[in-house]
Amino acid sequence: MSLFNVFNISGSAMTAQSQRLNVVASNLANADSATGPDGKPYRSKQVVFAATPVGEAGNNTSVGVKVTSVAEANTPMRVVYDPKHPMADEQGYVTMPNVNVVDEMVNMISASRSYQNNVEVMNTSKAMLLKTLTIGQ
Amino acid sequence: MAGRIDNALQFHQTALSLRAARHELLASNIANADTPNYKARDVDFASALQTAMGNQGGTLGMTTTSSGHLPGGTGNSVMGAPVMYRSAVQPSADGNTVDMDIERAQFVDNSIRYEASLKFAGDKVKDVLAALQG
């Protein structure tokens, strides 16, 4: 029954979007982390989405989403002049994370809206399936 | 008699199957709204229903006479009707052609028409039951 596949499609999209939201939360939380477990400043991370077939093999109309990797952004690090900072170099500059807070806020809103869209799709499909069960009554 | 009942319900059954398949396609489009290079897909419902009901021959296959020939018409299909790509109104930089306004509108349209088909099919069942019970 193909309508049940919609739950897999929307479910995969919701998983992917919540992972994106997770990464945004990490980036925002670490926007000022000048050092991490490896002694280097935190680097901004982004999820990479890819379309993936769901359902039985040979079914090519139902396409879900999966997160193929979490890539580190290669934008330049933010350099701040703060001689009193313990991580400052000889010239008094501190290398800070390359997190762009505005980008992350936009990403957060986009992820949350896409998540809501998929919840809506799931609810509609559920209503349709329940109506189908009442056929002939 | 059983064949007649089957015939009476055939049209709505086919329409419902097609609506469900299209629902799946539209759900895939909405799910992949943020996937780079994803192309939105849809079927032409009217011609798909005609093909599924056998009123038209559908697409003819091509005969290949050499290993270098490409077989025609091997694209994705839903009940014999070809799945087509939507043309982008406002193309985006990441190659994604999902327009959320179009997809949402088509999704709601499709689910309402699905429920309409369900209602018609249910009424047909009631008619048959009334005829049987007298």
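1. Axes here are lines fitted to C-alpha atoms, for helices over the stretch in contact, and angles run from 0 to 180 degrees between N-to-C directions. The model under review is predicted. In chain A, helix H1 (residues 2-29) and helix H2 (residues 101-133) pack with their axes 9 Å apart, at an angle of about 160 degrees. Since angles over 145 degrees count as roughly antiparallel, H1(A) is therefore roughly antiparallel to H2(A). The crossing of H1(A) past H2(A) is left-handed. Sorted by class, the contact of H1(A) with H2(A) holds 16 nonpolar, nine polar and two charged residues.

2. A:Gly11 is a residue of helix H1 of chain A. It counts as partly exposed because 16 other C-beta atoms lie within 10 Å, a number between the limits of 12 or fewer for exposed and 20 or more for buried. A:Gly11 and A:Met122 are separated by 111 residues in sequence, yet their C-alpha atoms are 8.2 Å apart in space.

3. H2(A) is made of 33 residues and runs 48 Å from its first C-alpha to its last, close to the 48 Å expected at 1.5 Å a residue. Its buried residues are A:Asn107, A:Ala111, A:Ser114, A:Asn117, A:Asn118, A:Val121, A:Thr124, A:Ser125 and A:Met128.

4. Chain B has 134 residues, of which 30% are buried. It contains three helices and four strands, arranged along the sequence as α-β-α-β-β-β-α. Of the contacts in chain B between residues at least 6 apart in sequence, 75% join residues at least 24 apart.

5. H3(B) has 34 residues, so at 1.5 Å a residue it should span 50 Å; the C-alpha atoms at its ends are 49 Å apart, which agrees. Buried in H3(B) are B:Glu103, B:Gln106, B:Phe107, B:Asn110, B:Ser111, B:Tyr114, B:Ser117 and B:Ala121. After H3(B) comes B:Gly134, with a positive phi near 75 degrees.

6. Now the interface between the chains. In total, 26 residues of chain B are in contact with 29 residues of chain A. On the chain B side, the elements giving two or more residues are helix H1 (2-31) and helix H3 (100-133). H1(B) supplies the largest share of that side, nine residues. By class, the side of chain B that touches chain A has 16 nonpolar, seven polar and three charged residues.

7. Which way do H2(A) and H3(B) run, parallel or antiparallel? They pack at an angle of about 5 degrees, with their axes 10 Å apart. Angles under 35 degrees count as roughly parallel, so H2(A) is roughly parallel to H3(B). H2(A) contributes A:Val121, A:Thr124, A:Met128, A:Lys131 and A:Thr132 to the contact, while H3(B) contributes B:Phe107, B:Ser111, B:Tyr114, B:Glu115 and B:Leu118. These residues divide into five nonpolar, three polar and two charged. Among them, A:Val121, A:Thr124 and A:Met128 also belong to the buried residues of H2(A), and B:Phe107, B:Ser111 and B:Tyr114 are buried in H3(B).

8. With 12 other C-beta atoms within 10 Å, A:Gly92 is exposed. Leaving aside residues up to four places away in sequence, A:Gly92 touches A:Tyr81, A:Asp82 and A:Pro83. From A:Gly92 to A:Ile9 the C-alpha distance is 52 Å, at a sequence separation of 83 residues.

9. One backbone point remains, in chain B. B:Asn37 is not a glycine, although its phi is positive, about 65 degrees. The residue sits in the loop between H1 and strand S1 (41-42) of chain B. Is B:Asn37 buried or exposed? It counts as exposed, because it has 12 C-beta neighbours inside 10 Å.

Note on methods
Residues are numbered from 1 along each chain as its sequence is written. Chains are lettered from A and ligands numbered from 1 in the order in which they are written. This is a predicted model: local features need pLDDT of at least 70, side-chain atom pairs count only at pLDDT 80 or more; totals for chains, interfaces and linings use all residues. Two residues are in contact if their C-beta atoms, placed from the backbone, lie within 7 Å. Ala, Val, Leu, Ile, Met, Phe, Trp, Tyr, Cys and Pro count as nonpolar, Asp, Glu, Lys and Arg as charged, and the others, Gly among them, as polar. The expected span of a helix is 1.5 Å times one less than its number of residues. Angles under 35 degrees count as roughly parallel, over 145 as roughly antiparallel, 65 to 115 as roughly perpendicular and the rest as oblique. A crossing is left-handed if the near helix is turned anticlockwise from the far one by less than a right angle, and right-handed if clockwise.
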